[in-house]
Structure formats: structure tokens, C-alpha cells
Amino acid sequence: MPIVICSLQNGDRLARRHFKTFMASYMQQEPFLDSPLWHFALEFYSRPRVPPACLTLQEIADVDVCLLLFSLYCALTKRFISQQRLRQCDEKIRDWRSTVI
């Protein structure tokens, strides 16, 4: 999957629509992306102020946006995730993150 990093301006509905269309098309090619977590991440990140907030956290506090979205999903679905498990997840994606971001 090509990695697309973009910052959407508030009210940029056209860009959001294109992003959703692109992801829907990609999901048809990759069935493993058809999961509740993936749908949550797409819906949450498409909200107007979320991308700039996430990118600011990434730049200023070195927050991993994928882990942030995963943590939010766990909290919203009442799934407990320990700090140890979160660290393990962070370690597993460290190499990927260093090549993508």
C-alpha cells in the first residue's frame, strides 16, 4: 500500500472524500484491512481537526499516530491494554516506522 501523508485543512471535504474513496478501493484489494480497528481509524482520522492534531503530536511529542489510534480504539471498545503490551507493539513496528515517517 502506498503511504500517503497529508494534512487536511478544516472543511476540505473533497480531500476527505478522495481519501475515503482511495481507502475503500484499497480495502477491496486487501481483505485483511476490513476490520473494526481499521474502520475506526479511517473514520476517526477523517474528522476535520484530527489529522492536524495527530501530526502535531507526532512532530512535537514523537507520538506514534498508529499506536495512538490503536489505544483510542481499545479505550472506546473497553479493551484493556497494559503499558507493557503497548511497549511490545511499539517495538514490533519500530523498524516500519523508521522507514515510513
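Here is a walk through this structure, from its overall layout down to one arginine.

What you're looking at is a predicted model, so local features need pLDDT of at least 70 and side-chain atom pairs count only at pLDDT 80 or more, while totals for chains, interfaces and linings use all residues. Residues are numbered from 1 along each chain as its sequence is written, and side-chain values use heavy atoms, leaving out hydrogens and water.

Let's start with the big picture. The protein chain has five helices and zero strands, and from the N terminus on its elements read α-α-α-α-α. Helices here are DSSP runs of H or I with at least four residues, strands are runs of E with at least two, and both are numbered from the N terminus. Of the 101 residues in the chain, 25% are buried (buried means under 20% relative accessible area, exposed over 50%, and partly exposed in between, with a 1.4 Å probe and protein chains only).

Now zoom in on helix 2 (residues 36-45) and helix 4 (residues 65-76), which pack at an angle of about 110 degrees with their axes 10 Å apart. That makes helix 2 roughly perpendicular to helix 4, a label used for angles of 65 to 115 degrees; under 35 is roughly parallel, over 145 roughly antiparallel, and the rest oblique. The axes are lines fitted to C-alpha atoms, for helices over the stretch in contact, and the angles run from 0 to 180 degrees between N-to-C directions.

Where do they touch? Pro36, Leu37, Phe40, Ala41, Phe44 and Tyr45 in helix 2 meet Val65, Leu69, Phe70, Leu72, Tyr73 and Leu76 in helix 4, with contact meaning heavy atoms within 4.5 Å. The residues of this contact divide into twelve nonpolar, no polar and no charged. Nonpolar covers Ala, Val, Leu, Ile, Met, Phe, Trp, Tyr, Cys and Pro; charged covers Asp, Glu, Lys and Arg; the others, Gly among them, are polar.

Stay with helix 4 a moment. Its buried residues are Val65, Leu67, Leu69, Tyr73 and Cys74, and the buried residues of helix 4 pack against helix 2, helix 3 and helix 5 (83-100).

Finally, look at Arg94, which is found in helix 5. Arg94 is partly exposed, with a relative accessible area of 43%. Asp64 sits 30 residues from Arg94 along the chain, and their C-alpha atoms are separated by 9.6 Å.
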